[in-house]
Amino acid sequence: MRRCIPAAWLLLLLLVPAIAWVAGARQPLLEDRSKEPFPAVNTASLQQPSTFAQFDTAFLDRFPARDKALQLHADIALDLFRDSTSPDVALGHNGYLYYLRELSPCTDYAPTGDPGDAVDVLSRELIATGRRPVVVLPRAKVFVHDADIPALDDSNKRCDARLEEGIEQRLATTPGGLAMFAQQRALEQAGKATFLKTDTHWNWRGRELFARDVLNRIRPGLADEVGLQVGAPYGRDTDLTAMLGRPRTEEDLSVGATRTPREALQHVLLIGDSQLTETFLVPRGPFQPIRDVALPGSQYCDWGTVATSACDDAITSSKTIVIEKVARDMKVVTDTCWLPLALTAGPLRGTPASWERVDGGTPAQSTSLVLPASGEVTVRVRSNAADAEPTPRLLRLPLEHVTPAPDNTPGAVALAQEPQEGPPAPCASPQQSGNGNALFLPVPANRRVSDLVIRLTGPPGTVMGAPQEILLDGRPVAGDVATGRANH
């Protein structure tokens with residue numbers, strides 16, 4: 001009889017879900033994706049192993065009680081064996097969970113160029129156009145709340161820490177930059193955590209700190225003016241427990257504003273990820289979203305919207321732009337910052353410079369440049385001032401006349417960087433079209449202009465006007481500048 005018990009138990013495990021399936025029970029959607037569709041069944045598909053693999057996935061996606069099985073698996077792994085069920089989640093101490101993709105910038109998500117240069121150049125360029133920027137790349141949980149972190153790969157952790165520390169140092173000295181780490185670290189060292197235990201996001205302390213700093217940067221004293229405060233507790237679903245297959249809620253406190261500003265703020269744009277949306281756009285407890293109360297009429301774009309140019313109108317019409325991206329995703333900033341820079345830098349003018357051919361073409365140096373029959377030329381800009389300066393600069397490369405395409409549609413000129421030393425400059429325009437427009441090539445602080453060799457590709461006969469040098473010294477540029485070094 002005892003020998004039959006295991007067999008009976010196995011049959012029960014298989015039959016109960018199967019009977020439920022026949023009766024019409026279906027598994028609800030568990031993951032952030034659509035359920036796998038069942039494959040087409042025909043003579044050809046039945047000869048493909050992928051058909052049966054797809055059938056397995058589709059059936060399991062709909063198998064009754066799959067969620068219970070996954071949760072049971074998670075309970076056993078976590079509680080009995082103290083083992084994470086997700087390769088992206090590390091189990092810390094005192095109930096803390098950590099997202100291991102926060103340690104990815106030195107491996108899978110290496111930034112293009114120096115992210116410190118990117119935030120410095122972008123923030124200064126926005127100021128040059130008369131805008132007010134607030135730029136912040138908050139540090140990862142693994143570096144802020146490290147008291148409960150488990151043992152992790154030391155070399156990768158050290159590399160990422162250096163990258164994030166470098167960005168923080170640049171933000172602290174960049175006009176328009178917002179450095180949060182020192183304040184967060186002071187709270188953490190006083191035993192006041194700024195991150196949720198089982199989530200990648202800030203708790204109420206982190207959100208209150210971020211919201212107060214941003215509001216006061218938009219207008220000094222704005223946080224108190226709108227009554228920013230901490231409110232009632234609420235339970236929130238946490239993302240790291242969901243990734244482990246054991247969804248849980250964690251108690252947190254709400255943060256909100258209670259009054260609209262005395263004087264409305266015009267043309268405010270928020271660009272960010274989930275840290276910004278959790279702080280400004282999501283209603284919590286008794287509060288409406290902070291944005292709706294403190295920043296009525298403001299606009300919001302996520303980074304995907306920016307990258308697809310769906311945020312172009314909001315960027316060009318805004319006078320105050322808040323830019324936030326978690327530091328682990330710094331590559332998104334270095335890959336995308338060219339677009340807001342190119343959209344806003346059009347009216348800027350600077351002091352004249354000249355072109356220098358480095359591909360053997362003639363003339364070797366000139367104030368204008370004509371693309372040859374090959375449609376390609378390799379050049380550098382020669383500054384009439386110092387080759388390297390401690391202050392960032394922006395090179396404006398005018399498109400004086402772009403040869404139209406054979407079908408008479410506007411031609412375009414593409415820019416590819418071939419730096420002689422160091423990484424590519426961040427936020428450079430990859431392409432531009434239209435007579436009178438321009439490509440933009442930033443020169444980070446202490447970089448030599450002569451090192452930034454570029455390859456221009458476009459319709460033969462296209463004429464590039466004389467390059468212009470715009471000093472990004474943290475002040476607005478006042479009108480055109482024909483001569484001299486002053487941009488103000």
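Tutor: A disulfide is counted here when two cysteine sulfur atoms lie within 2.5 Å of each other. Please keep in mind that this is a predicted model. One such link joins C337 to C427, with an S to S distance of 1.8 Å for another pair, C106 and C159, and 2.1 Å for C337 and C427 themselves.

Student: How many disulfides does the whole structure have?

Tutor: A search of the whole structure finds three. In the pair C106 and C159, the torsion about the S-S bond is about -85°, so this disulfide is left-handed. C106 lies in the loop between β2 and α4, and C159 in helix α6 (residues 154-173), 53 residues apart. C106 is partly exposed at 26% relative accessible area, and C159 is partly exposed at 23%.

Student: Which cysteine is the partner of C301, and what is the handedness of that link?

Tutor: The partner is C311, and because the torsion about their S-S bond is about 90°, the link is right-handed. C301 belongs to strand β7 (residues 299-302) and C311 to the loop between α13 and α14, so the pair ties together parts that are 10 residues apart in sequence. When the bonded cysteines are numbered in sequence order, the pairing reads 1-2, 3-4, 5-6.

Student: How should I read a sheet?

Tutor: Strands of a sheet pair through backbone hydrogen bonds, either parallel or antiparallel. In this structure, six strands form an open sheet with antiparallel pairing, in the order β11-β10-β13-β18-β15-β16. The strands β11 (365-366) and β16 (431-433) stand at the edges with a single partner strand each, so one side of each has no neighbour in the sheet. Between β15 (residues 412-417) and β16 there are three bridges, and V413 has Q432 of β16 as its bridge partner.

Student: What can be checked about a helix such as α4?

Tutor: One check is its span: at 1.5 Å a residue, the 14 residues of α4 should span 20 Å, and the end C-alpha atoms are 20 Å apart, which agrees. Another check is burial: 14 of the 14 residues of α4 are buried, so the helix is largely enclosed by the rest of the structure. At the start of α4, a side-chain oxygen of D114 comes within 2.7 Å of the backbone nitrogen of G116, and after the helix comes G130, whose phi is positive, near 90°.

Student: Is E102 buried or exposed?

Tutor: E102 is buried, because its relative accessible area is 2%, which falls under the 20% cut-off. This residue is found in the loop between β2 (97-99) and α4 (115-128). Beyond its neighbours within four places in sequence, E102 is in contact with several residues, including A140, D160 and R328. A polar atom of its side chain lies 3.4 Å from the backbone nitrogen of K141.

Student: Which peptide bond is cis?

Tutor: The bond from T362 to P363 is cis, with omega near -5°, and P363 lies in the loop between β10 (354-357) and β11.

Key: Residues are numbered from 1 along each chain as its sequence is written. This is a predicted model: local features need pLDDT of at least 70, side-chain atom pairs count only at pLDDT 80 or more; totals for chains, interfaces and linings use all residues. Side-chain values use heavy atoms; hydrogens and water are left out. Two strands pair if DSSP finds at least two bridges between them. Helices (H or I, at least four residues) and strands (E, at least two) are DSSP runs, numbered from the N terminus. Buried means under 20% relative accessible area, exposed over 50%, partly exposed in between (1.4 Å probe, protein chains only). Contact means heavy atoms within 4.5 Å. A polar contact is a pair of N or O atoms within 3.5 Å; within protein, one must be able to donate a hydrogen and the other to accept it, and residues adjacent in sequence count only if both atoms are side-chain atoms. The expected span of a helix is 1.5 Å times one less than its number of residues.
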